[in-house]
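Please look over the protein and its ligand shown below.

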Amino acid sequence: MGSFPMHRILDLARLRARHGTELQPRQVPRPGAVRARSVCVVSGKGGTGKSVVSGSLARLFARVGPTLLVDGDLGVGNAHILQGVTPRGSLGDQLAGTRRMAELVEPCGHGLDLVAGGSGLAGLANLGAVELARLGDGLAELERDYRYLVLDCGAGISASTLAFARAADLVLVVTTTDLTALTDAYALLKVLGLPPRGPAAQLLVNRAPSEAGARAVHERIDSVARRFLGRGPALLGWCPEDPAVVESVNHRVPLVERSPGAPAAQALAQLAVDLREVLDPCHPRGAGRTLAAGTDPRAAKAARA
Ligand SMILES: Nc1ncnc2c1ncn2[C@@H]1O[C@H](COP(=O)(O)OP(=O)(O)O)[C@@H](O)[C@H]1O
Ligand SMILES: [Mg+2]
């Protein structure tokens, strides 16, 4: 990615100007109730690199403070594979009531913990209000113990992905330069909405051939979104196509650990810094608490029954 030119710095200033106030909580946390700042990583289309990006960002956040990576992909969760750990259980067990969320926490080392997602549990991909409230309660149990929470979601507009995105402090939409990926990214933003009605969202263009290519993708999504939704997502940044990514996936070691000098790893390192500049000043809402509170009261009661 090379050095970071002035327009990136200006972008960041613009990001903060746009989103600084949007990242304030709807509810002010009680004094002493420190909760993790949360980012929810989503995409319209599958295979855009959400898990690769989440896995490395979580590793980089963990160097700064305790970080929890939650694999919110309840259909084909594979975040644990990318971290090289074998989890004893998954969110499916918490939903089934056989394990508490705290029992699912898998240490990955160096300040990073993981809660694994579902695997082959097709029924979990579309959750109802009761299940979402149960997940929210489980996350609320954990989020006081971490500085950052990274939610790696399944692709598309499943109920759980939308609920996670609405509960997080920030939504990171990952797209590639493929026309279908950027069309689906826009479709997801359309369903989620943007501030003031929807969550604060930013775009990451993965596997981009160049900065110009990434900017062109952002420009396309931004102009359609501004026209039909009244505003568009800010461009957080981009990550180049890099064979080191595939190699790190195959070795089950996050890219930033395995090949920190690779172009994609350097881009992710800068993206982590940029993301923290947006997240750190915000008062965390508590994604778990917000998820639990966001469902209707009858569902929340049923979840705890
Ligand atoms: N920047 C990149 N350069 C090269 N290959 C990449 C890059 N990002 C992702 N990939 C490839 O795409 C695959 C799918 O990525 P993944 O993060 O699992 O997607 P998602 O979670 O969005 O479904 C990875 O296994 C890797 O082979
Ligand atoms: Mg994934």
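Which polar backbone atom is 3.1 Å from an oxygen atom of ligand 1? The atom belongs to T48.

## Basis of the report

This is a predicted model, in which local features need pLDDT of at least 70 and side-chain atom pairs count only at pLDDT 80 or more, whereas totals for chains, interfaces and linings use all residues. Residues are numbered from 1 along each chain as its sequence is written, chains are lettered from A and ligands numbered from 1 in the order in which they are written, and side-chain values use heavy atoms, with hydrogens and water left out.

## Ligand 1 and its shell

Taken on its own, ligand 1 has 570 Å² of accessible area, of which the protein covers 82% (areas by the Shrake-Rupley method with a 1.4 Å probe).

The shell has 14 residues, and those that come nearest to ligand 1 are G47, K50, S51, V52 and N206 (a residue counts as near if one of its heavy atoms lies within 4 Å). At least two shell residues come from each of α2 (50-62), β7 (201-208) and α9 (243-250), where helices are DSSP runs of H or I with at least four residues and strands are runs of E with at least two, numbered from the N terminus. By class, the shell holds 5 nonpolar, 5 polar and 4 charged residues, with Gly counted as polar and Asp, Glu, Lys and Arg as charged.

## The largest pocket

Ligand 1 takes up the space of the largest pocket, meaning that more than half of its atoms lie within 2 Å of the grid points of that pocket. On a 1 Å grid over the protein atoms alone, a pocket is an open set of points with protein on both sides within 12 Å along at least five of seven lines, a cavity is a set where a 1.4 Å probe fits but cannot get out, and lining residues have an atom within 4 Å of a point.

The volume of the largest pocket is about 520 Å³, and among its 35 lining residues G47, T48, G49, K50 and S51 are the closest to its centre. The elements that give two or more residues to this lining include β5 (148-153), α6 (159-167), β8 (234-240) and α11 (263-279). The lining divides into 15 nonpolar, 14 polar and 6 charged residues.

## The cavities

The whole structure contains 2 cavities of 30 Å³ or more, and the largest cavity has a volume of about 70 Å³. Its lining includes S51, V52, L82, Q83, S248 and V249, and the largest share of that lining, 4 residues, is supplied by α2.

## Backbone features

P195 and P196 are joined by a cis peptide bond with omega of about 10°, and P196 is placed in the loop between α7 (179-192) and β7. H110, in the loop between β3 (106-109) and β4 (112-115), has a phi near 55°, a positive value in a residue other than glycine.

Notes. A polar contact is a pair of N or O atoms within 3.5 Å; within protein, one must be able to donate a hydrogen and the other to accept it, and residues adjacent in sequence count only if both atoms are side-chain atoms. Grid points are joined across faces, edges and corners, and a volume is the space filled by probe spheres set on the points.
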